[in-house]
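Here are some quick notes to read alongside the model. Keep the viewer open and look up each spot as you go.

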Amino acid sequence: MRKRARAARQAVGAKARAASPETAQAKSAKRAAKRQPAPIELYYWPTPNGWKVSIMLEECGLAYVVRPVDISKGEQFTPHFLAISPNNRIPAIVDPAGPGGRPISVFESGAILQYLGRKTGRFYPQDERKRVAVEEWLFWQVGGLGPMAGQANHFRRYAPETIPYAVARYTDEVNRLFGVMNTRLADREFLAGRYSIADMACVGWVRLAERMGQDLADFPQLKRWFETIRAREAVKRGMGIRVEAASAVDMHDPKVRAVLFGQRAR
Ligand SMILES: N[C@@H](CCC(=O)N[C@@H](CS)C(=O)NCC(=O)O)C(=O)O
């Protein structure tokens with residue numbers, strides 16, 4: 001008799017469990033979690049270098065989580081971050097599903113863009129001629145536009161005293177580089193023909209043209225290119241990632257300046 005009652009209770013319990021919507025949801029969430037690869041970790045701060053990678057992740061529809069690195073507080077020097085990015089610079093990524101299914105970390109924005117391009121087969125053509133064109137403009141950005149624009153920004157906005165020679169030197173150089181892009185874009189829609197990681201690398205720097213003393217009205221082809229790219233939904237999302245602490249950074253604060261400027265070998 002007792003046996004029968006226990007069996008009946010068990011049957012009711014099993015039925016209740018099967019019917020419970022929470023249990024079904026939990027089960028399907030577990031199944032989905034198993035199917036979905038773990039997200040890529042993006043070590044990020046909202047700057048033109050950070051945007052390159054957030055744009056690419058958005059363009060490719062890859063799952064990712066943002067790990068803010070507050071470079072104004074020195075978080076780029078933590079052992080954890082240096083193990084991923086030994087140059088103490090953002091951006092960097094950790095892809096848990098790297099080659100061979102094992103995690104991989106990548107630093108340097110250009111290397112990250114190439115890695116994600118190879119991983120997804122998107123925005124980085126396999127055809128050798130097309131790939132060379134993308135690489136030419138990608139390296140042009142990481143070796144030229146980025147550093148020159150960075151120095152122009154520094155001497156125009158952050159130097160403790162105005163050094164006219166340095167201001168003119170870097171402002172002119174950015175002007176020259178914008179001119180190179182403008183000419184390149186006269187007979188093609190994007191830098192390497194089709195929209196690619198080379199365009200993603202450049203767009204954040206063009207967005208901040210004014211800070212580098214440039215007026216996009218002087219570069220009509222570049223302006224057209226910029227407006228086309230900026231209108232893309234993925235680009236809006238990628239450049240729109242907010243980090244609360246970043247908007248509160250005061251570049252005149254001596255503590256912030258001590259972290260960011262005058263860095264020497266450690
Ligand atoms: N060549 C590097 C440059 C990256 C870079 O300069 N990142 C800046 C932010 S835009 C940074 O992390 N600065 C931290 C610091 O100066 O300590 C790349 O392309 O990834």
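The points below start at the ligand, move to a nearby topic in the loops, and end with aromatic rings.

1. First, the ground rules. This is a predicted model, where local features need pLDDT of at least 70, side-chain atom pairs count only at pLDDT 80 or more, and totals for chains, interfaces and linings use all residues. Residues are numbered from 1 along each chain as its sequence is written, and side-chain values use heavy atoms, with hydrogens and water left out.

2. Who surrounds the ligand? There are 13 residues around it, and Gln76, Ile90, Glu108, Ser109 and Gln263 come nearest (a residue is near if one of its heavy atoms lies within 4 Å). Sorted by class, this shell has 4 nonpolar, 6 polar and 3 charged residues. Here Ala, Val, Leu, Ile, Met, Phe, Trp, Tyr, Cys and Pro count as nonpolar, Asp, Glu, Lys and Arg as charged, and the others, Gly among them, as polar.

3. Now zoom in on oxygen atoms of the ligand. A side-chain N or O atom of glutamine 76 is 2.7 Å from one, and a backbone N or O atom of isoleucine 90 also lies 2.7 Å from one. For asparagine 49, a polar side-chain atom lies 3.5 Å from a ligand oxygen. How much of the ligand does the protein bury? Alone, the ligand exposes 510 Å², and the protein buries 82% of that (areas by the Shrake-Rupley method with a 1.4 Å probe).

4. Proline 91 sits in the loop between helix 4 (79–84) and strand 3 (92–95). Asparagine 88 is in the loop between helix 4 and strand 3 too, and its phi is positive, near 45 degrees. Most residues other than glycine have a negative phi, and most peptide bonds are trans.

5. Last, the rings. The whole structure has 7 aromatic pairs (ring centres within 6.5 Å; planes under 30 degrees apart are stacked, over 60 edge-to-face, the rest tilted; for Trp, the six-membered ring is used). Tryptophan 137 and tryptophan 140 make a tilted pair, 5.1 Å centre to centre with 55 degrees between the planes. Because they are 3 residues apart in helix 6 (residues 128–158), about one helical turn separates them. Helices (H or I, at least four residues) and strands (E, at least two) are DSSP runs, numbered from the N terminus.

Note on methods:
A polar contact is a pair of N or O atoms within 3.5 Å; within protein, one must be able to donate a hydrogen and the other to accept it, and residues adjacent in sequence count only if both atoms are side-chain atoms.
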